[in-house]
Amino acid sequence: MTDHDIIVIGGGLSGLRAAIEAHRLGADVAVISKVHPIRSHSGAAQGGINASLGSDDSWEAHAFDTVKGSDYLADQDTVEILCKEAPARVIEMENWGTNFSRKDNGRIAQRPFGGAGFPRTCYAGDRTGHNLLHTLYEQVLKRDIRIYSEWLVTRLVVENDSCTGLVAMNMADSDMEIFRTKATILATGGYGRIYQRSTNAIINRGFGISLAYMAGVPLQDMEFVQFHPTTLWGTNILITEGARGEGGYLYNKDHERFMARYAAGAMELAPRDIVARAIQSEVDEGRGFPEGYVHLDITHLGKDKINKKLPGIRQIAIDFAGIDPVNEPIPVQPGQHYSMGGVSSNKDGETPVSGLYAVGECACISVHGANRLGGNSLLDTVVFGKKAGSAAVDYIDTVEFSSEVNFVDLLENEKKIISDMMGEGGENFAEIRDELREIMQEYVGVFRNKEKLEQAVDAIRNLKKRSRDLKVNNNSDIFNFELVNAIELKGMLELGHVIALGALAREESRGAHYRTDFLERDDEKWLRHTLAYYTPDGPELDYKDVTITQFQPERREY
Ligand SMILES: Cc1cc2nc3c(=O)[nH]c(=O)nc-3n(C[C@H](O)[C@H](O)[C@H](O)COP(=O)(O)OP(=O)(O)OC[C@H]3O[C@@H](n4cnc5c(N)ncnc54)[C@H](O)[C@@H]3O)c2cc1C
């Protein structure tokens, strides 16, 4: 058994930022991550991070855009924190060494992003996440913060509504160990890979979210799944919103800038939910290319600008589609991109279980509501990562390491669960996983209705039944990825169930949740957050109010 005051689960931006803060405040903090921290999905972020840096911009304007973008589902008190703290956090990253792109006068450059009334997105070329993540990793190394790399957390220890530790498997030798903690911070990222078409890294399976769910913490607003409008057709690698921010156009097969039909004012820079639906409608109604895509054209920006502002995008298009965007348009289609929902937590990352915090994409602090604006998620990680680190340090002063929990039995029990999964024959994780991904794509996608969602719920129940006979045929102890996948699949099925059931219950269209059988937003019935609680028979849904401070819900037009 190993003790640390605080363990942060996750080596992405939110986890590293939380660890740095806890360390600064004197805690014994460690980071545990199933991949090396700089391989976390944060490193893939392209477009940028929002902050109202300009004297002609303001945090209030940023907050308004965020709340409007969220289709009024975001909690406005937390949005205020996000937007007020944005300039300080971005400048801190700059001071720590992030290589932001500059204006001619040397100041941090900012580009326009969807749904923003102002060019507010700070960027490092189109490799912003890579730059930010390396910056924080350097800061972690500098402080000598302990990192357990390539360890998979398989269970949170929660007794009497408080979290006292976790069980993890060292993937290098499959050894299981108990970590005793006073506080645990979940920073495990999103669940994109439960969808067939996703921009997310393969590691983004949402397993961390399911750990909290299985431990009794409610998941919030899970039916709100962001589909990014422009992913590379076929592989679904992200083509950043920055491509449109820099002036790219969307064309259908008749070379029509079709966004005029859907958002005549904002055109290509309408928020993501609107642009994703527009592209899907063009394709579904026969105006897209027959293979299911539309064109994103940046050729008119010219080679110099493309090389300077969008070099990563150019390389991705050349490497993965054989297309040089300097000369040709890029074929794009919508794909799952971001998880607005997550572990229900408050402005300090506190969950209803004491000693357990959640931040970053795995959490629903509710700053993104029903639709996240581009550039707000990187911001969310550093703002709330810092806050959770600090809140956890306050908390550990009030508790001791638990001596009540029988950690020895717990470890033996966990080892047995895992060894029972090993064996010949049985169901194969990949088959169930692929079916789940197809179901989510087909029935819980950009356009939803009652019939499709009911089919999804039934099909997922069935997959859950089949998953009881799952067997891991590979009996190696060394980096057994079949085992890792099989463990995580159980969590993926739980999340799929929560998303589909929440979407079925929510009989309205709001942000990214679009019901073709309930086309309008219904504030009277549905201006509220969904909470899903784990039960062995499936999720139990409840609801809670949305916090509104300064922006009364209005019709959302662009
Ligand atoms: C391609 C792409 C581009 C993006 N571009 C932008 C952008 O330009 N601007 C923007 O604002 N947002 C962007 N986003 C969103 C943003 O990057 C993410 O929401 C954010 O970086 C998530 O950070 P995180 O720290 O919460 O999680 P992640 O960076 O995903 O890290 C999760 C960590 O948790 C660990 N982990 C998970 N489960 C376990 C477990 N069971 N045990 C141990 N460790 C575990 C992983 O190893 C990993 O270290 C983009 C997302 C994608 C996919």
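How far is an oxygen atom of the ligand from a polar backbone atom of A187? In this predicted model, the separation comes out at 3.4 Å.

## Around the ligand

The ligand is well wrapped up: of the 1,000 Å² of accessible area it has on its own, the protein covers 98%. There are 38 residues around the ligand, and the ones that come nearest are S14, H41, S42, E361 and S377.

The side chain of S33 places an N or O atom 2.8 Å from an oxygen atom of the ligand. With G48, it's a polar backbone atom that sits 2.8 Å from a nitrogen atom of the ligand.

## Two domains

Now for the chain's layout. The domain assignment gives domain 1 as 229-335 and domain 2 as 407-522.

Where do they meet? On the domain 1 side, 6 residues are in contact with 5 residues of domain 2.

## What the interface is made of

The size of an interface is often given as the accessible area lost when the parts come together. Here, domain 1 and domain 2 bury about 460 Å² between them, with 71% of that on carbon and sulfur atoms. On the domain 1 side, D273, R277 and Q280 do much of the work: this trio supplies 77% of the area that domain 1 buries against domain 2, more than any other three residues.

As for residue types, the side of domain 1 that touches domain 2 has 3 charged, 2 polar and 1 nonpolar. Polar contact between the two domains comes to 1 residue pair, both at pLDDT 80 or more.

Note on methods
Residues numbered from 1 in each chain as written. Predicted model: local features only at pLDDT ≥ 70, side-chain atom pairs only at ≥ 80, totals over all residues. Heavy atoms only, no water. Domains from an automatic or database assignment. Contact = heavy atoms within 4.5 Å. Buried area = accessible area lost by both parts, 1.4 Å probe. Polar contact = N/O pair within 3.5 Å; in protein donor to acceptor, adjacent residues only side chain to side chain. Nonpolar A, V, L, I, M, F, W, Y, C, P; charged D, E, K, R; others polar. Near = heavy atom within 4 Å. Areas by Shrake-Rupley, 256 points an atom, 1.4 Å probe, with all protein chains shown as cover.
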